[in-house]
Amino acid sequence: MTPIRMVDLQGQYLKIKSEVDGEIQKVIDQTAFVNGPAVKEFQTDLERYLDVKHVIPCANGTDALQCAMMALDLRPGDEVITTSFTFIATAEVIALLGLTPVVVDIFPDTFCINPEAIERAITPKTKAIVPVHLFGQCADMEAILKIAKAHNLYVIEDNAQAIGATYTFSDGTTRKAGVMGDIGCTSFFPSKNLGCFGDGGAIFTNDDALAEMLRCVVNHGMKARYYHDYVGVNSRLDSIQAAVLKIKLKHLDEYNQARRAAAKRYNEGFAGCDKLKTPVTGTFTDHVFHQYTLITKDIDRNDLQEYLQSKNIPAMIYYPVPLHQQKAYLDPRYKKGDFPVSEALCQSVISLPMHTELDEEQQSFIIRSVLEFVEK
């Protein structure tokens with residue numbers, strides 16, 4: 001059996017090596033390393049894949065979120081509602097811009113933000129909602145968009161973990177994750193479902209005026225070269241990363257299907273074990289399994305992680321501390337117990353290896369090892 005990795009980027013690369021190497025060499029031959037043809041080609045391909053009018057590439061997923069908020073002209077003191085169960089970048093950019101992060105709880109089964117909690121948190125200062133499509137599936141966007149419309153709020157989708165997922169509205173129409181709100185943001189960090197060979201990100205919108213503003217913001221606030229109409233940042237996707245992404249985008253649906261197949265094998269392996277709750281997919285979305293995350297019951301999750309590590313099986317805990325209890329984000333408005341679902345999940349979840357190269361032998365060993373610990 002080959003060594004088990006949390007994410008097997010090497011195995012994935014070897015399968016597309018000739019395609020990727022050829023595109024990288026093309027960039028080197030062109031010496032167009034910033035905003036070269038590869039960036040435009042990838043942007044166009046991604047617009048077509050997502051069925052969105054505008055993709056604005058940028059340097060990373062955190063910048064994507066920050067630039068989205070800058071383009072919407074959110075001002076210090078404005079409140080932005082998001083989830084307490086997420087990677088820190090979601091709230092980090094809110095705080096960096098002098099905005100006020102307002103966190104709410106999540107659903108205990110899908111781990112995604114609870115629209116009813118959003119509605120309860122709205123105040124006259126609320127200007128935007130940032131739903132996170134966590135671990136590979138969409139938040140309940142129909143309900144969130146309805147709330148946003150009723151209260152005249154912007155919706156910025158944090159789609160760093162669910163690119164390629166599809167949401168189905170109650171009327172049967174479908175949209176890709178990230179293109180339902182005013183702006184969508186994603187990360188192309190190497191471990192993502194669509195990952196490059198370094199840092200990268202992108203912003204999506206169907207709004208022409210917002211797209212124009214976003215292109216200015218990511219490029220020093222310039223409309224024309226050396227004419228700076230807005231305060232901006234320097235956030236560009238370099239051409240080599242775009243070349244890699246252009247190839248990987250062709251395989252994204254195949255990659256996501258491989259993740260679904262791996263999740264199905266896990267689900268079957270853990271069926272009937274009452275100490276483990278396997279991932280639940282919302283009725284309105286499919287799942288692309290950026291992570292495969294179990295909820296443990298009546299066992300020590302940290303001991304399980306150590307046991308798996310002793311057998312050379314990596315396992316990760318996303319996330320051990322909810323956002324409202326992070327030292328940098330402590331807020332007198334919130335106290336322990338205010339977000340019981342998020343707090344409980346932070347103490348009970350564990351994520352198993354999940355990637356495109358997982359084989360049945362590896363998964364059988366992982367499943368056996370987990371059950372050995374759980375049932376001892």
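A residue counts as buried under 20% relative accessible area, as exposed over 50%, and as partly exposed in between, with a 1.4 Å probe and protein chains only. By that scale N35, at 48% relative accessibility, is partly exposed.

Good morning, colleagues. The structure I present is a predicted model, in which local features need pLDDT of at least 70, side-chain atom pairs count only at pLDDT 80 or more, and totals for chains, interfaces and linings use all residues. Residues are numbered from 1 along each chain as its sequence is written, and side-chain values use heavy atoms, with hydrogens and water left out.

Let me stay with N35. This residue lies in the loop between α2 (17-30) and α3; helices (H or I, at least four residues) and strands (E, at least two) are DSSP runs, numbered from the N terminus. Leaving out residues up to four places away in sequence, N35 touches R236, L237 and S239, where contact means heavy atoms within 4.5 Å. N35 and A242 are 207 residues apart in sequence, yet their C-alpha atoms are 9.2 Å apart in space.

That brings us to a helix pair. Two packed helices are described by the angle between their axes and the distance between the axes. Helix α3 (residues 37-50) and helix α9 (residues 239-250) have axes that come within 8 Å and cross at roughly 35°. Axes here are lines fitted to C-alpha atoms, for helices over the stretch in contact, and angles run from 0 to 180 degrees between N-to-C directions. The crossing is left-handed, that is, the near helix is turned anticlockwise from the far one by less than a right angle. On the α3 side the contact is made by A38, V39, E41, F42, D45, L46 and Y49, which meet S239, A242, A243, L245, K246 and L249 in α9. By class, this contact has nine nonpolar, one polar and three charged residues. In that count Ala, Val, Leu, Ile, Met, Phe, Trp, Tyr, Cys and Pro are nonpolar, Asp, Glu, Lys and Arg are charged, and the others, Gly among them, are polar.

I turn now to the sheets. Seven strands form an open sheet in the order β1-β9-β8-β5-β4-β2-β3, with mixed pairing; two strands pair if DSSP finds at least two bridges between them. Because β1 (54-58) and β3 each have a single partner strand, they stand at the edges, and one side of each is left without a neighbour in the sheet. Strand β2 (residues 79-83) and β3 run parallel, joined by five bridges, and V80 stands opposite P101 in β3. Helix α4 (residues 61-71) lies across β1, β4 (126-130), β5 (154-158), β8 (183-187) and β9 (201-205), at about 160° to β8. Helix α5 (residues 89-96) lies across β2, β3, β4 and β5, at about 170° to β2.

Another open sheet has three strands in the order β12-β13-β14, with antiparallel pairing. Its edge strands are β12 (276-277) and β14 (349-352), each pairing on one side only. Helix α10 (residues 252-270) packs on this sheet, touching β12, β13 and β14, and its direction makes about 20° with that of β13. Two bridges link β12 to β13 (residues 292-296), with L276 partnered by T296 and K277 by I295. Four bridges join β13 to β14, where I295 stands opposite V349.

How many residues of β13 are buried? Five of the five are, so the strand is largely enclosed by the rest of the structure. Y292, L294 and T296 point one way, whereas T293 and I295 point the other.

In the loop between β12 and β13 lies H290. At 4% relative accessibility, H290 counts as buried. Among the residues it touches beyond four places in sequence are F135, Q161, S191, R259 and M354.

Finally, the interior. In soluble globular proteins, nonpolar side chains tend to be buried together. A nonpolar core here is a set of buried Ala, Val, Leu, Ile, Met, Phe, Trp, Tyr and Cys residues joined through side-chain atoms within 4.5 Å. The largest has 44 residues, of which F85, F111, I118, L134 and I144 touch the most other members. The elements giving two or more residues to this core are β3 (100-104), α6 (115-121), α7 (141-151) and α12 (340-348), and α7 gives the most, with four. Apart from this core lies another, of 27 residues, among them A64, A68, M70 and A128. Thank you.
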